[in-house]
Amino acid sequence: MAKSRDLCRRIDRSDGFATLTLDLFSGSPNPNPCSYSRSAKRVRVSCASPAAAAAEENRSNPFDSLSEEVLFLILDRLESDPLDKKSFSLVCRSFYAAESRHRRALTPLRSGLLPAALARYPSVSRLDLSLCPSVTDAALASVGGALRSSLRSIDLSRSRGFSYAGIESVAVNCAALVEINLSNATDLSDAAAAAIGRARNLEKLWLARCKMVTDMGIGCIAVGCQKLRLLCLKWCLGISDLGVGLVAVKCKQLRSLDLSFVPITEKCLPAVLQLPHLEDLALVGCLSIDDEGLMSVKQESKSLQVLDMSNCQHVNHAGFSSLLSKTPELREISLAYYCKVTHSLASSLQKLYNLQSIKLDGCEVTTSGLKTMANSCRSLGELSLSKCSGVTDEGLSFFVTKHKGLVKLDVTCCRNITDLSLASITSSCTSLTNLSMESCILVSREGFRLIGQHCHLLEELDLTDNDLDDEGLRAISGCHNLSVLKIGICLKISDEGLIHVAKGCPNLQELDLYRSVGITDIGVMAIARGCPLLQIINLSYCTEVTDYSLRSLSKCSNLNTLEIRGCQVSSSGLAVVAVGCRKLTKLDIKKCYFVDDAGMLLLARFSQNLRQINLSYCSVTDVGLLALASVSCLQNMTILHSGGLTSNGLAAVLVACGGLTKVKLHSSFKPLIPKPILEHVEARGCLFQWRDKPFQVELEPSEVWKQQSQEMHV
């Protein structure tokens with residue numbers, strides 16, 4: 001107590017207290033905490049009323065002298081981890097109250113928690129209910145009553161169970177509301193749309209897959225929500241040209257309009273193109289739009305900057321060229337799975353002086369078309385040719401030499417390009433930050449070394465399923481800004497190459513090593529030591545990976561996704577990860593045969609943020625599965641061929657896990673689980689997927705699996 005005496009002092013007061021307090025602001029050296037922790041507590045030596053005790057506590061608490069402004073500044077710096085805020089609120093009463101007033105965003109896991117949460121946080125402006133599988137009208141009524149003046153945004157994109165009455169409660173009561181996301185609310189009809197129309201200040205509205213909403217409903221929205229700036233009607237199959245035309249006439253402030261897969265024709269396009277502020281238009285999969293219709297459109301749009309016409313199967317270069325002539329300010333164009341990209345089509349890009357991004361995924365691209373595109377466009381920053389047939393060394397090399405400012409390039413599954421293309425890419429486009437080259441099977445291991453030698457600014461690199469080796473990884477380790485590296489199904493890489501990556505890429509956050517069978521514990525341990533920011537790692541079917549890897553990964557405190565299916569790991573290794581990686585949200589341990597109930601018990605205790613888990617083929621019984629029911633965040637489970645489970649145990653887990661939104665089970669369980677239980681779980685918003693996959697014990701050798709995969713793509 002000699003050292004701690006400098007930090008503690010006794011206060012004798014006339015009101016009946018003798019208090020031993022800890023001087024938090026002392027300049028003396030810190031003593032051993034254990035030596036004075038008992039003495040630092042206040043000790044009441046005579047009786048006093050509770051009110052007097054509370055008053056004394058408030059007067060002597062040094063934290064109470066901090067202003068709300070200071071506390072808010074502290075809380076602003078704790079945004080990244082919710083647990084930090086929780087710890088902050090438990091310090092004292094003033095911190096608790098400050099955290100309550102400071103919180104602006106709320107994401108509850110179940111609507112049953114809403115009343116307490118709304119009482120605790122009265123200043124919430126952004127309410128995300130997308131993780132709640134079921135939200136009732138009563139719950140939305142409580143939101144409308146509690147957040148009348150503060151609520152600006154509500155997300156119900158994955159929730160069920162509410163009707164127009166609940167939406168109306170929020171729309172009418174929350175006058176400051178500017179954003180509503182009702183995507184996937186397939187049961188909502190025009191009555192719900194009419195309720196939305198009462199939100200007069202609404203600026204952003206998502207109605208994707210609201211298939212029962214018709215022109216009448218969208219008309220109510222158009223009349224009532226004339227301040228709309230963003231409207232998503234993707235897959236709204238009940239809406240036609242009439243409804244879209246009403247929106248275009250009434251909502252003159254629209255900046256973004258998504259009409260993907262809506263059964264419209266060219267008849268509504270004149271009104272849409274006349275929107276004075278429209279910048280982003282998506283017409284993906286609008287099959288009723290054709291060349292003749294587009295050529296008949298005479299209106300121009302000088303504000304449109306982003307156009308997506310992917311999958312418009314009845315539009316060819318004539319119609320597209322006609323539309324481009326009416327939209328001279330375009331910056332981004334997407335024509336994925338479009339018609340053949342020829343010289344004629346590419347020539348239509350010539351007058352788009354501001355064009356920066358072209359996406360042609362899945363198209364047939366001719367060499368002449370690629371060359372013409374290179375000459376027509378002035379300063380492209382992004383080009384996507386993913387899964388494009390017809391891409392050759394001649395065409396691609398010509399293009400990249402003309403556009404040396406490219407920062408994003410995707411040539412995934414361009415199976416005809418060779419080292420010549422890669423040499424042109426790396427020598428010309430040294431400013432690349434994103435490069436995707438999955439399954440470019442004619443590029444040699446020597447070619448991949450050029451990437452690391454020239455493209456030092458790379459942040460994301462995908463070389464999945466290629467002839468990459470350790471020397472290639474040594475070169476790539478020179479890309480010190482790399483945050484995402486995907487090198488799955490690279491059968492020639494080993495620990496040696498991974499060690500180079502660990503030393504050279506300290507900012508790595510995502511690493512994919514799926515079926516890269518040359519990787520062992522040594523390589524994984526090097527990554528864990530050298531890449532402390534790691535958040536996502538896929539080690540599936542790296543059969544030499546054991547518990548030693550998991551012990552090293554447990555030091556990566558930011559890890560949120562771990563895929564280790566088919567690895568030689570056990571409950572012991574999983575337990576260490578559970579303790580060290582408290583942010584873990586996704587776990588795939590399929591075919592980890594040595595993981596049993598012991599692993600589940602510790603996972604349930606320490607991984608309270610877990611949302612998705614795959615337990616197929618594991619040695620887990622009812623005991624372990626029931627333990628997982630205590631993980632309140634759990635939403636998605638896959639359980640196939642787990643021999644230790646019974647129908648009774650599974651039924652108990654389904655009832656106990658109130659937050660489940662998706663469960664994948666073997667079809668043999670379906671007749672064994674009582675039908676009322678299945679109906680009860682489905683009523684809470686859970687979707688069941690029944691699979692009849694045969695039991696498979698042996699893992700296919702990676703060489704065989706890779707050959708079969710390539711044959712499927714031919």
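**Pockets and core**

Student: What classes of residue make up the lining of the largest pocket?
Tutor: In this predicted model, the lining of the largest pocket has 15 nonpolar, eight polar and 14 charged residues.

Student: Which helix gives the largest share of that lining?
Tutor: That is H4, which contributes five residues; helix H4 (82-89) is one of the elements that each supply at least two residues, and the others are helix H5 (93-102), strand S3 (105-106), helix H6 (114-120) and helix H25 (597-606).

Student: And how much space lies in the largest pocket?
Tutor: The largest pocket holds about 1,400 Å³, and among its 37 lining residues the closest to the centre are Pro82, Leu83, Arg103, Thr107 and Asn609.

Student: What about the second largest pocket, what is its volume?
Tutor: Its volume is about 480 Å³, and of the 19 residues lining the second largest pocket, Arg158, Gln635, Asn636, Thr661 and Lys662 are the closest to its centre. By class, that lining has three nonpolar, eleven polar and five charged residues.

Student: Switching to the core, which residues have the most contacts inside the largest nonpolar core?
Tutor: Met437 and Ile487 do, in a core of 198 residues. Apart from that core lies another, of eight residues, including Phe88, Cys92, Phe95 and Ala98.

Methods:
Residues numbered from 1 in each chain as written. Predicted model: local features only at pLDDT ≥ 70, side-chain atom pairs only at ≥ 80, totals over all residues. Heavy atoms only, no water. 1 Å grid on protein atoms, 1.4 Å probe; cavity = no way out; pocket = protein on both sides within 12 Å on 5 of 7 lines; lining within 4 Å. Points joined across faces, edges and corners; volume = space filled by probe spheres on them. Helix = DSSP H or I, 4+ residues; strand = E, 2+ residues; numbered from the N terminus. Nonpolar A, V, L, I, M, F, W, Y, C, P; charged D, E, K, R; others polar. Core = buried A, V, L, I, M, F, W, Y, C linked by side-chain atoms within 4.5 Å. Buried < 20%, exposed > 50% of the residue type's maximum accessible area, 1.4 Å probe, protein only.
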